[in-house]
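Have the structure open beside you as you read.

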Amino acid sequence: MSYDPETPFDSIEGSQEYVALLAEAVEEARKDVDADIALALAEGADRRTEALQLVAYNLAKLSLHMTTSRRILNDLRTLRRLLLAERQSQPVKVVKRAAAAGGD
């Protein structure tokens with residue numbers, strides 16, 4: 001019996017895809033804001049430049065959070081694989097022990 005996720009967040013892989021898309025969008029926004037900062041500097045719009053720099057700072061923080069989220073999701077996926085493989089190998093070990101015990 002396999003599990004079919006109902007939403008993209010029902011699986012680690014779906015969440016990884018979503019976080020990757022979000023990271024791309026953040027990076028795209030950072031590039032746009034950097035271009036807007038350069039334009040504001042050229043126009044001498046000090047308040048707009050400061051506001052855009054604050055936006056760039058917050059986007060940089062968000063980008064770091066996305067990187068951290070990716071790493072956490074990778075760790076969770078790895079741990080899930082290890083745990084599932086461990087569970088799958090346990091019945092085999094029990095069968096082998098039972099077979100060895102029955103042979104005595």
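Ile72, Leu76, Leu79 and Leu82 make a nonpolar surface patch of about 380 Å². Patches here are built from residues with over 30% relative accessible area and no salt bridge, with nonpolar side chains (Val, Leu, Ile, Met, Phe, Trp, Tyr) joined within 5 Å and like charges within 9 Å. Areas come from the Shrake-Rupley method with a 1.4 Å probe, and for residues only the protein chains shown count as cover. The terms used here are buried (under 20% relative accessible area), exposed (over 50%) and partly exposed (in between), with a 1.4 Å probe and protein chains only.

Please keep in mind that this is a predicted model, where local features need pLDDT of at least 70, side-chain atom pairs count only at pLDDT 80 or more, and totals for chains, interfaces and linings use all residues. Residues are numbered from 1 along each chain as its sequence is written, and side-chain values use heavy atoms, leaving out hydrogens and water.

The secondary structure comes to two helices and zero strands; helices (H or I, at least four residues) and strands (E, at least two) are DSSP runs numbered from the N terminus. Helix H1 covers residues 12-43, and at 1.5 Å a residue its 32 residues should span 46 Å, which agrees with the 46 Å between its end C-alpha atoms. That expected span is 1.5 Å times one less than the number of residues. Gly44, with a positive phi near 75 degrees, follows H1.

How many salt bridges does a search of the whole structure find? There are two, where a salt bridge is a side-chain nitrogen of Lys or Arg within 4 Å of a carboxyl oxygen of Asp or Glu.

| Salt bridge | N to O distance |
|---|---|
| Glu13 and Arg80 | 2.5 Å |
| Glu27 and Arg30 | 3.8 Å |

Glu13 lies in helix H1 and Arg80 in helix H2, so this pair ties together parts that are 67 residues apart in sequence. Glu13 is partly exposed at 28% relative accessible area, and Arg80 is partly exposed at 27%. Glu27 and Arg30 are three residues apart in helix H1, so about one helical turn separates them. Glu27 counts as partly exposed at 33%, as does Arg30 at 28%.

Now for the interior. Of the 104 residues of the protein, 16% count as buried. The largest nonpolar core has seven residues: Val26, Val33, Ile37, Ala40, Leu52, Ala56 and Leu59. H1 and H2 each supply at least two of its residues, and H1 gives the most, with four. A second, separate core of five residues includes Ile12, Val19, Ala23 and Met66. A nonpolar core is a set of buried Ala, Val, Leu, Ile, Met, Phe, Trp, Tyr and Cys residues joined through side-chain atoms within 4.5 Å.

What does Val26 contact, leaving aside its neighbours within four places in sequence? Its partners are Leu59, Leu62 and Ser63, a contact being heavy atoms within 4.5 Å. Ser63 sits in helix H2, residues 46-102, and is buried, with a relative accessible area of 17%. Not counting residues up to four places away in sequence, Ser63 touches Val26, Glu27 and Arg30.
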